[in-house]
Amino acid sequence: MSQEPTERQGGRPGAGTREYRIGELAATAGVPVRTLRYYQERKLLPPPRREGRIGLYSEDHLARLRMIGNLLDRGHTLEGIRELLAAWEQGRDIGTVLGVEKAVTTPWSNEVPVTMTLDELAALFPGEVGPDAVERAVALGHVEVDGDRVTHWSRRQLDATVTLVRAGVPLDAVLAAGQELQRSMDDLAGMFVRLITTHVVGRLDEAADDRHLGALTETIARLRPGAQVTVEAGFARAMDRQVRAAIDELLGRLATP
């Protein structure tokens, strides 16, 4: 079958507009025919115009296929793409909708990873980096090992760990504390996520136009530093209380005959 697109002829509206049979559209878009059919089944692609038993697809279908491909490359799921396209078809600007999606899903961490050899890592913690310690650090998500290279997810956290170990805290104890801290951070993050999804993202259902969606994007962006500041300030205050209590206990023991 020829892969050249068909042109609508005659005096009908849209005369001269390029149209494609399903094989032609798939070839032009660079996707398999079965993928195109699957998109139709998932309501990602509108049905073609019918002429008897022949389905004819327009340039709009081609543009839609290319948009789907771009969104997939950006990491969107097909269900997420379907929802975005549905919002677009309801008259919303897809750029605004994508702005909300980006505000919600952009990583909250700006940590800079650091990569070194296993020997360089061992030199940071003399006598404490053995196979068991590395395996535990991998299991906790602190490092990834690729051959003789190891990547720590955060230079700041690595520096803090080095400081603690050089102050006399065993590396194994630091890893154990890190595991407990991660559990607490997961609980805290879960609480913030519930607050945001319930009271902010939940308003997506109420966002009737692009103006409201734009405002929602700005609100979510403002929440990011606010949540981090809340955690940092709360932790600093808790540290003040705990340090004072520890010092009072130490002074009390020293004062006891």
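**Reading cores and helix faces**

Val243 sits in helix α10, residues 210-255 (helices are DSSP runs of H or I, at least four residues, numbered from the N terminus).

User: What kind of model is this?

Analyst: A predicted one: local features need pLDDT of at least 70, side-chain atom pairs count only at pLDDT 80 or more, and totals for chains, interfaces and linings use all residues. Residues are numbered from 1 along each chain as its sequence is written, and side-chain values use heavy atoms, leaving out hydrogens and water.

User: Which residues have the most contacts inside the largest nonpolar core?

Analyst: The general idea first: in soluble globular proteins, nonpolar side chains tend to be buried together. A nonpolar core is a set of buried Ala, Val, Leu, Ile, Met, Phe, Trp, Tyr and Cys residues joined through side-chain atoms within 4.5 Å; buried means under 20% relative accessible area, exposed over 50%, partly exposed in between (1.4 Å probe, protein chains only). Here the largest has 18 residues, and Leu25, Leu36, Tyr39, Leu44 and Ile81 have the most contacts inside it. Helices α1 (22-29), α2 (33-41), α3 (59-73) and α4 (78-89) each supply at least two of its residues, with α3 giving the most, five.
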